[in-house]
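Open the model in your viewer and keep the selection tool ready.

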Amino acid sequence: MGSLGDANNKKPWVETPLHESPTLSRAAGCRIFLKLENLQPSGSFKSRGIGNLVLTEAAYHKAIGSTRPLHFFASSAGNAGLAAVSATSALGYTSTVVVPTTTEESIVEKLKVNGASEVIAHGPTLLEADLYLKEVAMPRAEARGEIPIYVSPFDNEAIWDGAATMVEEIHRQMPDGEAPDAIVCSVGGGGLLAGLANGMERVGWGSEVQLLAVETKGADSLYQSWQAGQLVTISGITSIATSLGVVRVCQRAFDLLARKNVTSLVLEDAEAAMGCWRLADDERIIVEPACGVSVALAYDDRLRQVLRPFDKNKKVVIVVCGGSKISVDALVQYKAQYAERARELAAQWAGMSG
Ligand SMILES: *Cc1c(COP(=O)(O)O)cnc(C)c1O
């Protein structure tokens, strides 16, 4: 059983609805349940893992009798940064986010609005921003008498324990207390996948429930590692699903591929984009392509092909992981750019049925 921070602190994430979607169920040909993590305070499931990391650190420093103030540090212009600042501000702690100088002003503004104490733009890429954070900003905080704490986005036990709470909720929320046949999630660094696997063990679904781990082509570091039979670092990220853009997954995620019930899948950017615009049309929910790629599995016979055995009574939970880097303009542009390719791919999936 993992630890869940400090029981005295309120949790900086919320219990989200599990919505059985008639429209997506019709499209998929089986029962589709959407776990609505887009409703987390930070706009993505990362509120759970990063929230639990903040709680766990706070509990630890309280237990060892630290009196110096805690100061949390994250280098992310994306959902991890948003989750870090929203969790720390909800719990009353200071936070600094370092982002590359190329980061749009609207994102810097969003980090501030969501509670960042300080946003520093430094260096051409996230690598330089992260180095600056660790080598300059954190030592400075230490010199000021604070306790600097690094918020890692996915490779940490506390992150996985936080994400695992999602499965405990699903376990309570499934109708008639039945287990789903499969859970679908997106994979960047693999923190969500690792957390779901931990949660499945906790509720006794360790081997009976299939776990479908989805990436986009061009951000497929888990799939490439699976193909190579070892953990590999891919040469770069070429996908529009930037929140999945981690060149090397965590060891824990790679190790999970050895399990019979874990499957790694790759779809194209056009499919990730299609998942976004169809979810907007069918459920009036707007998410990033990083999330759309999981939703895409509900459309055009994809589940029929990847979930075996398949029939209309199968119950599939799709983690709607959310994400803030999306707008109506971006959706419109994705549709113009990818609709034709999405139609071609839909025809290919349908052609595989027989
Ligand atoms: C971070 C993120 C992911 C990937 O999560 P990992 O734990 O890095 O695998 C997927 N979708 C969204 C919206 C994210 O923010």
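A residue counts as lining a pocket when it has an atom within 4 Å of a point of that pocket. Keep that in mind for the last stops. Note also that this is a predicted model.

Stop 1: Select residues 15–322. UniProt, in an unreviewed entry, places the feature "domain: Tryptophan synthase beta chain-like PALP" there. Over this stretch the chain is 44% helix and 17% strand. Its end C-alpha atoms lie 15 Å apart.

**Stop 2: helix α5.** Select residues 126–143. At 1.5 Å a residue, these 18 residues should span 26 Å, and the end C-alpha atoms are 24 Å apart, which agrees. Now centre on L133. Here α5 bends by about 40°. Step past the helix to G145, which follows α5 and has a positive phi, near 95°.

**Stop 3: the buried residues.** Which residues of α5 are buried? Select A129, D130, Y132, L133, A137, M138 and A141. L133, the site of the bend, is one of these buried residues. Next, show what covers them: the cover includes β3 (70–74), β4 (94–99), β5 (118–121) and β6 (147–150).

**Stop 4: the largest pocket.** Its volume is about 1300 Å³. The lining has 46 residues, and the closest to the centre are S76, L126, T242, G245 and V246. Colour α3 (79–91), α5, α7 (191–202) and α11 (289–295): these elements each give two or more residues to the lining. Which element gives the most? Return to α5, which contributes 4 residues.

Definitions and conventions
Residues numbered from 1 in each chain as written. Predicted model: local features only at pLDDT ≥ 70, side-chain atom pairs only at ≥ 80, totals over all residues. Heavy atoms only, no water. UniProt positions renumbered as here; feature names shortened; annotations may be inferred. Expected span 1.5 Å × (residues − 1). Bend = angle between axes of the 7 residues up to and from the residue. Buried < 20%, exposed > 50% of the residue type's maximum accessible area, 1.4 Å probe, protein only. Contact = heavy atoms within 4.5 Å. 1 Å grid on protein atoms, 1.4 Å probe; cavity = no way out; pocket = protein on both sides within 12 Å on 5 of 7 lines; lining within 4 Å. Points joined across faces, edges and corners; volume = space filled by probe spheres on them.
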